[in-house]
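These are my notebook entries on a structure that I went through feature by feature.

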Amino acid sequence: QVQLVESGGGLVQAGGSLRLSCVASGSIVKINNMAWYRQGSGNQRELVASITREGRTSYIDSGKGRFTISRDNAKNTVYLQANSLKPDDTAVYYCNADIMPRGLLFTKSYWGQGTQVTVSS
């Protein structure tokens, strides 16, 4: 049983910062890409940032220069450092990872339960 558990969300004033964490646990052989998505009220889920196992990163245009994604492969953990937060960043943030669980020879996509980020103006 593989699980992703996010933490670090909360309420912050505009201009503030938050650090989100997501830990993958269970019978894991390998984790390839890891990513953060978000879904605001009435909006579709969108990709915020992603990182390969080797550390190559990509970001949503609105997050460039403000968000930093990183990972610790030894801890099966991915982070999102979000700085200079804006009210438009308010959303539920979801962790996603491509994981090869023990017993399979291919990866599957797993999601966390989400963590709320609210930015007040």
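**Strand pairing**

I looked up the partner of β7 and found that 6 bridges join β7 to strand β8 (residues 77-82), the two running antiparallel. Two strands pair if DSSP finds at least two bridges between them; strands (E, at least two residues) are DSSP runs, numbered from the N terminus. I note that the model is predicted: local features need pLDDT of at least 70, side-chain atom pairs count only at pLDDT 80 or more, and totals for chains, interfaces and linings use all residues. Residues are numbered from 1 along each chain as its sequence is written, and side-chain values use heavy atoms, with hydrogens and water left out.

Within this pair, Thr68 stands opposite Gln81 in β8. The hairpin of β7 and β8 has 4 residues between the strands, and Asn76 takes a positive phi near 50° there.

Buried means under 20% relative accessible area, exposed over 50%, and partly exposed in between (1.4 Å probe, protein chains only).

**Strand β11**

Strand β2 runs parallel to β11, joined by 4 bridges, and Leu11 stands opposite Thr118. Strand β9 (residues 91-101) pairs with β11 in the antiparallel sense over 3 bridges; here Ala91 stands opposite Val117.

**Loop residue**

I located Gly15 in the loop between β2 (10-13) and β3 (18-25). Gly15 is exposed, at a relative accessible area of 54%. Gly15 and Lys86 are 71 residues apart in sequence, yet their C-alpha atoms are 6.4 Å apart in space.

**Charge over rings**

Which rings lie under the charged end of Arg45? I found Tyr94, with 3.8 Å to the ring centre, and Trp111, with 4.7 Å. The criterion is NZ of Lys or CZ of Arg within 6 Å of the ring centre and within 35 degrees of the ring normal.

I recorded the lining of the largest cavity as Leu18, Leu20, Phe67, Ala82, Leu85, Tyr93 and Val117. A cavity is a set of points on a 1 Å grid over the protein atoms alone where a 1.4 Å probe fits but cannot get out; lining residues have an atom within 4 Å of a point.

How values were computed:
On a 1 Å grid over the protein atoms alone, a cavity is a set of points where a 1.4 Å probe fits but cannot get out, and a pocket is an open set with protein on both sides within 12 Å along at least five of seven lines; lining residues have an atom within 4 Å of a point.
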